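Here's a quick tour for anyone meeting this structure for the first time. Have a look at the sequence and the model, then read on.

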Amino acid sequence: MQARSPVATAANPELASPKVEASARPGATISGIVFGPDQLPRRGAYLKFVWNDRGRMRDAHGTTGRDGRFELAIGDPRVRGDLLAYVYRHDVSPSALVGVEAGAHGLELELGPPSDLALEVRDQNEQPVVLGQATFYWQLAGFQVQDYPGGVAGGDHTRWVRSPVPFFVALSPYGYEAATFGPFDPAQVGDDLVLPVHAFARVAGMVVHDGVPIAGASVVLDAEGDKRNGYGFGASSDADGKFELRYRQAGRYVLRAFVVPQGEGRIGGLQLDGEQDVENLRIELTTPPGRIEGRVQLPNGHVPEEIWLSASGAPGERTLRSDGSFSLPDLPPGACRITVAQSVSFGSGPHDSSERWVSIADGPSGGPEWLGYEHVWHVDVLPGQTQRLEIDLTQAPACLLEGWIRLDGIAPALRPPPFGYHGGRDLRVFLDHGNESEFDSAAEIDSAGTFRLGVSEAGEFRLRLELPLSSSKDEEWLVVDRVALLREHQAWKLDAPTGSLLLLPRDEEQPLWFEGPSLRWEGAGDLRIEVNYPELDEARGSRLYRHVPAGKVRFEVGRGADARELECEIRAGETTEVRWPQ
């Protein structure tokens with residue numbers, strides 16, 4: 001069977017299997033037995049029961065015991081849903097019952113003999129596409145429910161156990177347009193299912209140095225004028241110096257290649273239309289790499305082994321020599337961002353890797369706590385030259401910003417960071433120039449609601465604070481302001497009285513499961529606050545924002561062409577109730 005375009009039609013659950021003919025009695029469980037293809041009770045089969053709770057998917061799941069029997073706790077005796085039995089193997093096929101009512105008992109499901117479906121994917125030129133693994137979804141109670149990892153990669157084919165219910169297939173191969181296909185009626189699908197994907201336009205060529213092909217060069221395609229150097233579409237040259245990469249949209253691009261020791265080459269002003277492939281490009285590596293050298297002066301009581309240096313475009317972190325000096329060789333020419341990172345111990349052996357880059361899978365992402373805030377230096381790397389950078393960690397920065405935060409007169413209590421966040425540091429305040437991934441300074445907020453940020457050069461910055469308030473499970477403030485750091489020491493304060501906002505659903509049949517808009521508050525100058533992730537009241541279907549800045553707040557309701565902005569007034573110490581509009 002061939003599917004020539006993604007399908008977005010509603011599935012018909014009547015196609016899945018006959019409705020349940022089992023005794024139903026009031027209760028909050030369903031129970032029954034699962035048989036294998038040999039008609040014997042199947043131990044260890046998985047059960048998934050899915051139902052629609054006023055637009056939101058709910059599910060209950062479990063496994064069969066030694067006697068093949070199961071019992072699932074549903075909780076609400078009024079629900080009706082679909083029940084699926086399956087195993088994480090390809091020796092049997094799943095079984096399903098549609099329209100099962102909570103309280104149904106004596107249910108019987110029979111797993112079928114093995115029956116595979118082969119998936120083949122082709123591009124717009126009918127060329128096979130090699131997939132690692134696609135994603136398969138069952139349709140249960142009208143929802144797309146992800147299948148277990150049952151796809152087996154095999155070149156340009158992937159095989160699945162046949163589904164007893166309508167199903168979807170989601171594809172997102174690298175270099176191709178992502179698409180979801182379905183729902184497919186299993187009764188209408190043969191042994192093979194062919195799906196089409198659209199390949200992005202291709203850029204291909206060769207990297208050379210003095211006329212010799214160069215293997216292992218990093219090749220990056222960036223939008224021209226994009227300040228995020230090195231964040232575009234990338235590839236590496238193969239053993240013959242050839243490369244190939246794909247891009248998504250028309251525009252003017254810069255194609256760069258870099259490898260040590262030959263250096264960098266680039267093709268600028270590359271106009272691409274997003275449709276036609278461009279081949280036989282030749283990138284000549286003509287610009288040698290540069291180097292940064294210097295010394296780090298550390299505060300008393302600290303030694304060079306405590307820190308590493310990170311450089312943008314480098315293959316890892318660099319340790320300091322025993323006297324605090326350092327060398328950062330083989331850097332791509334252009335703007336380079338230097339940061340201090342917490343060193344990682346590799347055991348009790350000698351600590352001497354100053355003449356090589358250290359690259360580890362789970363490396364540091366922040367400086368040591370005793371630094372107080374994240375330090376960043378900017379250096380222009382010149383081709384074939386050595387630049388000097390003296391780093392003095394004993395002196396105050398050129399510009400220091402001290403901040404102070406109060407909500408209703410007290411310092412906000414913040415939830416702890418997730419595991420691995422910024423290397424374990426709870427960085428919540430950032431100075432940048434609009435690019436969140438490249439901050440100029442960052443710091444924690446202490447229990448008194450204060451913070452300190454420092455930069456090596458004066459200028460205008462965006463100040464960004466992330467405040468995950470501990471008084472709520474998920475609620476978070478995003479505070480953004482514009483600050484001009486022009487002198488040695490400056491202060492910034494936020495003292496916000498707050499109230500609460502309760503968003504009520506239109507009625508009990510239309511709960512706000514998926515509605516939790518960002519509240520936007522505007523202060524003096526460029527100060528803006530967004531309040532996100534309100535609490536959901538499961539019983540009422542309402543949303544509660546516990547802490548909202550007092551004053552006028554705005555938020556959007558609806559989507560697309562139907563979206564419109566609402567405004568309401570928040571009074572300090574009070575709860576404002578707003579019913580979701582029709």
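D82 touches residues from several parts of the chain: leaving aside those up to four places away in sequence, its contacts are K48, F49, V50, L97, V98, G99, L140 and A141. Keep in mind that you're looking at a predicted model.

**Around D82**
- You'll find D82 in strand β5, which covers residues 80–86.
- Is D82 buried or exposed? D82 is buried, and it does this without a salt bridge.
- The nearest side chain of opposite charge belongs to R80, 7.1 Å away; a salt bridge would need the two charged groups within 4 Å.
- What the D82 side chain does reach is the backbone nitrogen of A141, at 2.7 Å.

- Strand β41 (residues 528–532) pairs with β37 (residues 476–485) through five bridges, in the antiparallel sense.

**The whole chain**
- Zoom out and you'll count 46 strands and zero helices.
- The chain has 582 residues, and 48% of them count as buried.
- Of the contacts between residues at least 6 apart in sequence, 67% link residues at least 24 apart.
- The accessible surface is about 28700 Å², with 47% of it belonging to carbon and sulfur atoms.

Terms used. Residues numbered from 1 in each chain as written. Predicted model: local features only at pLDDT ≥ 70, side-chain atom pairs only at ≥ 80, totals over all residues. Heavy atoms only, no water. Helix = DSSP H or I, 4+ residues; strand = E, 2+ residues; numbered from the N terminus. Buried < 20%, exposed > 50% of the residue type's maximum accessible area, 1.4 Å probe, protein only. Contact = heavy atoms within 4.5 Å. Areas by Shrake-Rupley, 256 points an atom, 1.4 Å probe, with all protein chains shown as cover. Pairing = 2+ DSSP bridges. Lys, Arg positive; Asp, Glu negative; His and termini not counted. Polar contact = N/O pair within 3.5 Å; in protein donor to acceptor, adjacent residues only side chain to side chain.
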